[in-house]
Amino acid sequence: MEVANTLAEWDSSRFLKGPPTEKFRDNLHADKYYITAWSNAGFTNQFMSYVNMIFLGIISQRVPIIPPFGPDHHISYDAGALPFGRIFNLTRARKEMHQPLLEWLDVKHLPSATSVEPPQALEREQLGCWSGRHENDPRPSRVKSVVDNIRLDISYTRAPRQARHNPDDGQDDFLEFNSVVRYIFPRSPLPPPNGHYPLMEASPLGHKLPPDEQMTCFDHLYYATSSPELYEWRFSWSPAWNFVGTHLHFTDDLVTLVKDYLRRVFSRTEDDTIPPFIAIHMRRGDFARQCYDTPGNCLIPLGTFERKVNAMKQEIRDKNNIEITQVLVIADEKDPDFWDEVREIGWVHFDHMAEGTEERYGEWYPPIVDIVAQSMASGFIGTEDSTFSLVSSRRVEDWNKGPAILIARPDRQESDFNSKRPSRNA
């Protein structure tokens, strides 16, 4: 009892009955309420979705249970799931936020933290969840990899129309945080019209459950906003970022690993400090195909980045009296001629093939190493419309007090985060 009294109010052990149990419900306190959600797409979009879920948990007085990242987009299914706490320092986040943050592997015994193999039907637990799909989309988002990892069988009910950013628009993707709270708040939420919500889709095993009261859950929360603005992560005042995302620093082990990458790429010894540097993210691969009528014109020329780097070096010199001599480039570009041009400018990049990053750490880690490295920069220059760039910009601004800009195509206006001008496009 004395040990329990020394625990912080947000310590995870206060919100579970004990170690992971075979059935998640057996580990939940009857007088507490929880929230979870799944997500697909790339790593950064999944991160944003989980941050939105945590924020919704805070304002609805529910304990967030964070699932793993599921393989999708650039990550093959064979890579398996990636536990959130392997990448982000949840101990630090709990202390900074004064909020409980659980993972599914804390709640429920999982044979493997990374397996996405389908379990047997009898190993699945039934759960009724909300779907964030818009009114004209007939089906929920079934994130098979994550749901199989935590061994659930889910029925879906569409989120109420009045929880949407624009209830009159059947194509509106966005839920509004405060409007959703009315329907999931633990004490006296708004009742459903006519006494029940219509089922959107039965579970794969044929069950037809309404949204769970104790464990509220969503198929995704990427499209969520607190204001008239859409994609509000673009803005400096984004509540989900400021109340949650900025507190999710990387684990100490991951930071140590990436510092070694930086020492090698900057030709430093293991005892040297890492020099201040500017990080650039150039989104090229899929962006090159966005202008179907003029292929290649969607790509921002290297010369544009070079001019921005020179201006940012001067800004950092004037503001902080720091001389930047190193520039790290991250890009999803396969053309060797492009990388030859980068080297001719005098910039460097990680060669994950030569480093053996995937072979040593797994398929998830090349982009994760890139993301962590970007977060350590003294200044950041990214690509407009890329969430990979957007979130890195936020980290450099908040964590390092450095300048950050996103460069747009020539026909668009770029975002300058220092002047708080948002992008005009999501």
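Me: A polar contact is a pair of N or O atoms within 3.5 Å; within protein, one must be able to donate a hydrogen and the other to accept it, and residues adjacent in sequence count only if both atoms are side-chain atoms. So what makes Asp335 a cap of α10?

Reply: In this predicted model, local features need pLDDT of at least 70, side-chain atom pairs pLDDT 80 or more, while totals for chains, interfaces and linings use all residues. Residues are numbered from 1 along each chain as its sequence is written, and side-chain values use heavy atoms, without hydrogens and water. A side-chain oxygen of Asp335 lies 2.9 Å from the backbone nitrogen of Asp337, so the pair falls within 3.5 Å and Asp335 caps the N-terminal end of α10.

Me: What makes Asn89 a cap of α3?

Reply: Its side-chain oxygen lies 3.3 Å from the backbone nitrogen of Thr91, so this pair is within 3.5 Å too.

Me: Which residues of α10 are buried?

Reply: In α10 (336–345), Phe338, Trp339 and Val342 are, so each has under 20% relative accessible area. On the face turned away, Pro336 and Glu344 are exposed (over 50%).

Me: Why do the buried residues of α3 line one face?

Reply: Leu90, Ala93, Arg94 and Met97 are buried there. Down the axis of α3, the buried residues fall within an arc of 100 degrees, so they line one face of the helix.

How values were computed. Buried means under 20% relative accessible area, exposed over 50%, partly exposed in between (1.4 Å probe, protein chains only). Helices (H or I, at least four residues) and strands (E, at least two) are DSSP runs, numbered from the N terminus. The arc is that of the directions from the helix axis to the C-beta atoms.
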